[in-house]
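Here's a quick tour of a protein chain for anyone new to reading structures. Have a look at the picture first, then work through the points below.

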Amino acid sequence: MARILLVSNRLPITVKVEPDKLSVLRSPGGLATALKGPHERSGSLWIGWPGDVSRLGREQIAALEQQLATMRLVPLYLTASEVSHYYEGFSNGVLWPLFHYLLDRIKLDDRGADWESYRAINQRFADVVAAQYQPGDMIWVHDYQLCLLPAMLRRRLPHAKIGFFLHIPFPSSEVFRILPSRAAILEGLLGADLIGFHTFSYMRNFSTCLLRILGIEADIDRIPVGGREVRLGVFPIGVDAKSFESLANAPEVRAEAETQTRSADGRKLILGIDRLDYTKGMPRRLLAIERFLEREPTWRGRVRYVQVAVPSREKIPAYEVLRQQVHDLVSRINGTYGTATDVPVHYLYRAFQERQIAAFYRSADVMLVTPLRDGMNLVAKEFVASRSDEDGVLILSEFAGAAIELDQALRINPYDMEQTAWAIKKAVTMPREERRIRMRALRERVSREDVHDWAQSFLDALAQTRVRPGVPQRLGAEGYPALLDRVRTFERLVLLLDYDGTLVPFAPTPDEAAPDRALLELLARLSHRPQTEVHIISGRDRHTLERWFSGLSIGLHAEHGLWSRPEPGDDWRMLNEVPAHWKDRVLPTIEQFTRRTPGSLVEHKSASIAWHYRQADPEFGVFQAKELRLHLSEVLSNFPVHILPGDKVIEIKPQGVDKGQIVHRFFSNVSKTILLAIGDDRTDEDIFAALPEGSIAIHVGPNPSRAPYRLDDFREARAFLRMFLHNAEASEMPS
């Protein structure tokens, strides 16, 4: 079994310092419970911050590290300043409110010291993980504090299996695009082999952001990145259902629950348990309680609402404001509806032990879980797991990730106080049999898909990730000399070069992709290299290629090999006689799609038509392109043409015309010559297939290819070509 390196912001411990000793206590939190099994197996390690240990002396730190080592925990220490900037500043001041759609809570400056600290701490995590890594380990990174870590690890450990799980929501593209560092966050996450989310909607939001921000289109749950295939997955986290049920049935817990029930004196107990966080919707929940009491006077004095508020992030000003707001609302409700012997809201601002929480769950008639936005919300599942009596009603926000699974709860919009007040009345008046039916269904779901199933399913999926089939080996600068040695064994070199996406980046419109001065100089120098021919084989029309490259001594081949001008000064020749009557059949359809797709345009060539949608709305452009391909497949089913999808383009061209013809026509019988072809899309695969044995084929970009080598982008392609110039110039230097 592979060893697992678990990486999270915090280690699953609490360091307790007493006068005579230092203790390390395991945390009872959901993530600690979820990963306990994987951590205990096969000598796995857990890497993270042990908490504030700045007051410990040298001897205490040594004792702490000794205890951590026996628990296979690897500490990464943070200074108070680093916690302030990396954790409180960027992680919880920018990412936390942004990912929870609370835009008014975001710190406005996310490119200053907080962002720099976030990057620096992620890099420190990468250093520690890389130092602990052994070949064969699987690395599992957790949550929003470490979004940059996967890519940092990928650069250090290119062959490692890296997983990332996001425990909070991933927002829609309209929200995420607000973030100035949005591209860096996405690129950081794409270093993983597997990225996990709680719900499909979070995964869909991530895919949409990739398309809109990075221009990367996901194939459902697969993303081509740098010669790898990143997988996306939905893994809704659960709770340790058996443990909660066992704890709730313990005699002391049952006794405490009965005491709470007796103290209610016949009142219905309504329960809320939350960290005091503005995402949990506590103020609006209290307003709903107030509205219920206002609308239902007969229930005054017959319900008791117990709100447990666990202190959280007390150093952040927004949380102090929230604490005061909640306190004021509790005081107002109790002042309005309380009596000399009873108050409707019991507000408990402190942490409780698990045993006490289980007693609250067991005694509650109604559980209110109403976050404004929540990745999952395990309180709802804990409540269900604790109710072996099959009683109690769960009221659940539709904006909690758990709402998708727990469909037998009373689901509400937490922003709608009237609806929430109505749900409270429905809950306290619900017949016993309906409560039993609902709770039984909820318990079956929570028990079946518990936290252990969640952890194992993610690790199984990570173990199954592999190198993307058909993706060439990346050709780094270290591989250039070997190819150069191969070229040297031949007297003559012929370079067959694609243009768009290979020598230049894709441009918004075809006319904007003209060659820059640096490229023209590179091609000119290559064409003057001894015993070297340069040919550009492009989908461009011949007039454009002539206009751009007429001053160079290179061969030009247009419209995927339909037109050819192999020598400067030659006339253009059509290599195939092809029909064009099909154009009249498809033009109305293409023009209709162009009108319906703002930003799209049609490019007319002598024997083909291209529909470009690079400037269209990214999502709508992809949708329309798929629709257009379906329409064209029907319209042209009996015509001798090919429909070729490319990078933000769909091209319709006659059958029998492909770039491989150039190889067959001009270079099939050359002797003492090596052909070296470089291209980036499907049309270039025809060149690669036609190359004679011993040739060199190089694919540009992350997609599958028959070429054995890959370069990342046009920059690397140019750098590779410059290698031949440096070699030629070095050989001409006097010895």
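This is a predicted model: local features need pLDDT of at least 70, side-chain atom pairs count only at pLDDT 80 or more; totals for chains, interfaces and linings use all residues.

**The whole chain**

- The chain has 735 residues, and 56% of them count as buried.
- Its secondary structure comes to 26 helices and 29 strands.
- If you follow the C-alpha trace along its principal axes, the chain spans about 105 × 65 × 45 Å.
- Take the contacts with a separation of 6 or more: residues 24 or more positions apart account for 71% of them.

**Helices H5 and H6**

- The crossing of H5 past H6 is right-handed.
- On the H5 side, the residues that meet H6 are Arg119, Asn122, Gln123, Phe125, Ala126, Asp127, Val129 and Ala130. Their partners in H6 are Leu149, Met152, Leu153 and Arg156.
- Sort the residues of this H5–H6 contact by class and you get seven nonpolar, two polar and three charged.

**Helices H8 and H9**

- Now try another pair: H8 (residues 182–189) packs with H9 (residues 200–214) at an angle of about 125°, and their axes are 11 Å apart.
- That angle makes H8 oblique to H9.
- H8 passes H9 in a left-handed crossing.
- Arg182, Ala183, Leu186, Glu187 and Leu189 are the H8 residues in this contact, and they meet Phe206, Cys209, Leu210, Ile213 and Leu214 in H9.
- By class, the H8–H9 contact has eight nonpolar residues, two charged ones and no polar ones.

- Is His142 buried or exposed? His142 has a relative accessibility of 1%, so it counts as buried, the cut-off being under 20%.
- You'll find His142 in strand E6, which runs over residues 138–142.
- The side chain of His142 makes a polar contact with the side chain of His167, at 2.9 Å.
- Leaving out residues up to four places away in sequence, His142 touches Leu6, Val7, Ser8, Leu31, Leu35, Phe164, Phe165, His167 and Trp454.
- His100 sits in the loop between helix H4 (80–99) and H5. At 1% relative accessibility, His100 counts as buried.
- What does His100 touch, once residues up to four places away in sequence are left out? Its contacts are Ile168, Pro169, Thr279, Arg373 and Asp374.
- His100 and Val175 are 75 residues apart along the chain, yet their C-alpha atoms are separated by 9.5 Å.

**Helix H25 and its surroundings**

- Which residues of H25 (residues 682–690) are buried? They are Thr683, Asp684, Glu685, Ile687, Phe688 and Ala690.
- Those buried residues of H25 pack against several strands: E18 (492–497), E19 (532–537), E25 (641–646), E27 (673–679) and E28 (696–700).
- Helix H24 (660–666) is also one of the elements that the buried residues of H25 pack against.

How values were computed:
Residues are numbered from 1 along each chain as its sequence is written. Side-chain values use heavy atoms; hydrogens and water are left out. Helices (H or I, at least four residues) and strands (E, at least two) are DSSP runs, numbered from the N terminus. Buried means under 20% relative accessible area, exposed over 50%, partly exposed in between (1.4 Å probe, protein chains only). A polar contact is a pair of N or O atoms within 3.5 Å; within protein, one must be able to donate a hydrogen and the other to accept it, and residues adjacent in sequence count only if both atoms are side-chain atoms. Contact means heavy atoms within 4.5 Å. A crossing is left-handed if the near helix is turned anticlockwise from the far one by less than a right angle, and right-handed if clockwise. Ala, Val, Leu, Ile, Met, Phe, Trp, Tyr, Cys and Pro count as nonpolar, Asp, Glu, Lys and Arg as charged, and the others, Gly among them, as polar. Axes are lines fitted to C-alpha atoms, for helices over the stretch in contact, and angles run from 0 to 180 degrees between N-to-C directions. Angles under 35 degrees count as roughly parallel, over 145 as roughly antiparallel, 65 to 115 as roughly perpendicular and the rest as oblique.
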